[in-house]
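Subject: Structure handover

Hi,

Here is the structure I promised to pass on. My notes on it follow below, so please have the viewer open while you read.

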Amino acid sequence: MRDKVTGARRWVVKIGSALLTADGQGLDRASMSRWVEQMVALRDAGIELVLVSSGAVAAGMSRLGWSARPKAMHELQAAAAVGQMGLVQAWESSFAEHGRHTAQVLLTHDDLSDRKRYLNARSTLRALVEFGVIPVINENDTVVTDEIRFGDNDTLAALVANLVEADLLVILTDRDGMFDADPRHNPDAQLIFEARADDPALDAVAGGTGGALGRGGMQTKLRAARLAARSGAHTVIVGGRIERVIARLAQGERLGTLLAPERGPLAARKQWLAGHLQTRGTLVLDAGAVKALVGDRKSLLPVGVRAVQGGFRRGEMVVCMAEDGREVARGLANYSAAEAQKIVGQSSDAIEKLLGYVGEPELVHRDNLILV
């Protein structure tokens, strides 16, 4: 299965708080510099990269002289606000040494549960990656409330992997990977090199919660791998302190624990779409559009749509129906019903003139469409 690592063209790399702050001593700039050097090498090799960085709260605690992670929400948010400044500055300066630009992206649960904001975030991240910029993502700890927290950046990283349709999620941690027993108490514990993410036997060996600095433990990393598997991504849980760990993974070296999805990326995404049963509207297609979707497996362009029914918003599920009433597909709309009404029957080149902007040339992209 290690060929799934070497063959991955889009990576999400998550680095935990304990690693970034040298177990709470402040930002470990030397380690950050080493990771950056390896990530830049990935980009130079044509691999697309998104970085999910923990460490804002831990860095803020260090700056404020706090030895214990606070429990009060306003204190956590204050620490995050203080720490985020230094964290982003450190990443920016380190990548700048290699001529690479970074972009700070702060996300909340609402951003990824609301379909319109989800699609906006995905489009922005894709644009940044296409521009050669390294997105540095963190949870927006300063404004979220306890009820809507991701709970840990492992979960956030998995959701980002879903968002950008990554091939590989790499979780750098202070452990070398998943073991069949707790290596801190059992010297005979063996590293699990490869497994299926959905293997129920992994739950028994995932252990408890994380340390004093972070919110995650091996359980959250296993849960993250399972979330990432929903979009077909493989996950590697590996020790961030291993020398040249990112470079060695890219070369196919057997490091950490590789957790594989049950099915490939396209099949996993199509299954998710198939289970998204609640539809909000209907697009009536001409014969040419039906052939393009069913016969040629292409995206749905505005020019092939005859009529728009319903009051759907961007990102909501719509039925694609032939003129004789047959349902041929379902998919996520790139435009609202009101916007779709203005562009149906028109070429994609006319979208900007008709709407004042152009989001996507397709009304429904083939990756967000399933035939029925």
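To start with the charged groups: which residue does the side chain of Lys 221 meet in a salt bridge? The partner is Asp 154, with N and O 3.0 Å apart. Keep in mind throughout that this is a predicted model.

The Lys 221 and Asp 154 pair links distant parts of the chain, 67 residues apart: Lys 221 belongs to helix α10 (residues 218-229) and Asp 154 to helix α8 (residues 153-164). Both Lys 221 and Asp 154 are buried.

A search of the whole structure turns up 14 salt bridges. Among them is Arg 248 with Glu 253, at 2.7 Å from N to O; Glu 253 is partly exposed, its relative accessible area being 32%. Another joins Glu 327 and Arg 330, whose closest N and O atoms are 2.5 Å apart. Glu 327 is partly exposed at 32% relative accessibility, and Arg 330 is partly exposed as well, at 22%. Through shared partners, salt bridges also connect Lys 14, Asp 154 and Lys 221 in one network.

Next, the sheet. Five strands make up an open sheet with mixed pairing, in the order β10-β9-β11-β12-β13. At its edges lie β10 (305-310) and β13 (369-371), each of which pairs on one side only. On average, neighbouring strands of this sheet are turned by 20 degrees against each other, direction ignored. Helix α13 (residues 287-294) packs on the sheet, where it touches β9 (281-285), β11 (317-322), β12 and β13. The direction of α13 makes about 105 degrees with that of β9. Strand β12 (residues 327-332) pairs with β13 in the antiparallel sense over three bridges, and Leu 369 in β13 is the bridge partner of Gly 331.

After α4 comes Gly 65, with a positive phi near 80 degrees.

Finally, a word on confidence. The average pLDDT of the protein is 87, and 88% of the residues score at least 70. Over residues 209-215, however, pLDDT stays under 50, and for this stretch the model has 22 contacts beyond four places in sequence. Where pLDDT is low, the predicted coordinates should not be read in detail.

Best wishes

Conventions. Residues numbered from 1 in each chain as written. Heavy atoms only, no water. pLDDT = per-residue confidence, 0-100. Contact = heavy atoms within 4.5 Å. Pairing = 2+ DSSP bridges. Helix = DSSP H or I, 4+ residues; strand = E, 2+ residues; numbered from the N terminus. Axes fitted to C-alpha atoms, helices over the stretch in contact; angles between N-to-C directions. Salt bridge = Lys/Arg side-chain N within 4 Å of Asp/Glu carboxyl O. Buried < 20%, exposed > 50% of the residue type's maximum accessible area, 1.4 Å probe, protein only.
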